[in-house]
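Here is a short report on one model. Look over the sequence and the coordinates, then read on.

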Amino acid sequence: MKAEHNELITRIGPNTPCGAVMRHYWHPVALVDEFNPAFDPGMAVRPVKAVRLLGQDLVLFKNATAPGQPAPDSAWALFDRDCPHRGADLAFARFESTPTGSGLRCPFHGWKFDASGQCIETPAEPAGSKLCERVRQRSYPVIERSGVLLAWMGPEGSTPPPLAAFDCFTAPESHTFAFKGLWACNWLQAFEVGIDPAHASFLHRFFEDKSLDEAYGRQFRGASAGTLDGERLPMTRVLREFDQPDIRFAPTDYGMQLTTLRPINAQQTHVRVTNAIFPSTFVIPLSEHITITQFHVPVDDTTNYWYAIFTSFTEPLDKETMRQQRLQAVDLPNYLPKAGRQNNWGFSAQEQMTRTYLGMGEDDINVHDQWACESRGAIQDRTREHLGTTDKVIMANRRVLLKAIETVQAGGMPPGMADPELAQTLSGPDTVDGIAPADACEAYWREVAACKRAAAPWMQEAPAA
Ligand code: FES
Ligand SMILES: [Fe+2]
């Protein structure tokens with residue numbers, strides 16, 4: 001890849017070509033949990049948080065009216081962080097009520113803004129001043145779904161597309177759980193791990209399988225759907241023993257559907273169906289009945305948050321267990337990983353010799369992916385790489401991204417969820433990890449996916465991608 005193309009597809013700040021593409025999509029900006037006083041006691045006093053998204057500094061706060069008053073249009077508000085008076089940091093603003101909901105008052109000269117960003121008081125100005133009528137802080141739409149707050153960073157005055165009715169957004173609160181973590185690298189190289197089916201056989205290889213009874217909430221520790229000679233197969237065994245996958249992909253309205261085949265014997269083939277939702281989200285199976293929808297959200301050019309929404313198609317999720325598992329690896333309130341370049345991601349040469357392919361722990365594979373993303377540098381130099389057959393999805397995604405940049409530069413609409421008409425039609429997408437008859441893989445996985453969908457207690461209608 002040429003250096004200028006690498007720059008073009010990775011830089012997402014304001015006034016960059018790729019940044020203009022990214023601003024056609026909703027992006028997670030925080031977890032609802034970040035405002036929960038149980039996890040951050042300060043939120044009981046002042047539910048205001050500094051955030052950064054697409055290279056912009058912002059302040060996010062809860063918007064509520066007094067009891068008895070009509071609810072505000074949005075329960076959340078998101079502003080640019082610099083006060084429109086003389087630029088002081090509104091992340092330190094006073095959190096106050098207004099006639100229409102909550103608002104922020106800048107501590108520098110007391111200018112006050114309602115949740116729409118309208119300036120409603122400039123107390124040091126002479127009585128009768130109309131100055132505040134002309135002052136409005138830029139505010140961005142925010143919607144809440146499945147424990148995640150998503151922001152629209154499109155041009156001022158633009159209308160966001162509706163959020164697609166993907167499973168992760170339509171399942172009830174009881175059946176979804178959201179978590180996140182910060183990675184110190186560019187968003188695209190993180191996304192390119194998620195759409196790389198080959199790496200799971202190596203990066204996440206365990207020399208021994210654990211009991212399937214210990215699999216809850218843990219990626220690859222469950223069994224694939226179906227059986228081999230009457231036995232359930234741990235995913236870790238499939239990945240270890242069948243490491244030369246046949247990877248296929250097909251364009252879809254939302255991005256790409258990936259099918260990864262691992263022939264087991266003459267009669268049976270392991271099939272794994274995953275999805276890339278343009279521009280930075282993938283959907284994969286965690287287990288037979290739980291999916292992971294993972295967003296790689298650019299904080300700026302050199303950091304990204306992964307946001308995962310786990311969605312159950314059967315029982316309500318045991319959120320407490322899933323939260324405790326993941327809290328082992330991050331520090332609150334900002335979900336900073338405990339492992340990283342500063343401590344070699346917890347690398348153990350002894351473990352690499354005896355227990356895992358990588359040597360960075362057996363409990364949480366997230367750190368494996370973190371190393372695979374971060375160790376390539378803040379922005380990977382793609383002029384130095386040598387791509388192979390298994391990188392075909394990565395190559396295809398880069399072509400789609402370059403095309404989207406070209407389209408937006410020409411004034412057009414980038415693909416997938418950016419299109420309001422199309423966004424309304426999207427649902428699913430399906431994921432499967434199972435053992436199929438070798439001569440009928442597709443019929444098999446479609447049947448498994450349809451059954452899972454039909455049995456989900458919260459599913460209104462069956463069709464999906
Ligand atoms: S800088 Fe905010 S009120 Fe003056
Ligand atoms: Fe991975």
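What share of the 465 residues in the protein is buried? Buried residues make up 53% of them. Buried means under 20% relative accessible area, exposed over 50%, and partly exposed in between (1.4 Å probe, protein chains only).

This is a predicted model, in which local features need pLDDT of at least 70, side-chain atom pairs count only at pLDDT 80 or more, and totals for chains, interfaces and linings use all residues. Residues are numbered from 1 along each chain as its sequence is written, chains are lettered from A and ligands numbered from 1 in the order in which they are written, and side-chain values use heavy atoms, with hydrogens and water left out.

**Overall fold**

The protein has 11 helices and 23 strands. These are DSSP runs, numbered from the N terminus: helices are H or I with at least four residues, strands E with at least two. The radius of gyration is 23 Å, close to the 23 Å from the globule rule for 465 residues, so the protein is as compact as a globular protein of that length. That radius is taken over C-alpha atoms, and the rule is 2.2 Å times the number of residues to the power 0.38. The C-alpha atoms fill a box of roughly 85 × 50 × 50 Å along the principal axes.

**Cores**

A nonpolar core is a set of buried Ala, Val, Leu, Ile, Met, Phe, Trp, Tyr and Cys residues joined through side-chain atoms within 4.5 Å. The largest one holds 89 residues, of which L60, L78, F166 and F310 touch the most other members. Helix α9 (residues 392-409) gives the most to this core, with 7 residues. A second, separate core of 17 residues includes F79, A93, W111 and C119.

**Accessibility of selected residues**

| Residue | Relative accessibility | Class |
|---|---|---|
| H199 | 17% | buried |
| H204 | 2% | buried |
| T383 | 38% | partly exposed |

T383 lies in the loop between α8 (366-374) and α9. Its C-alpha atom is 22 Å from that of S280, 103 residues apart along the chain.
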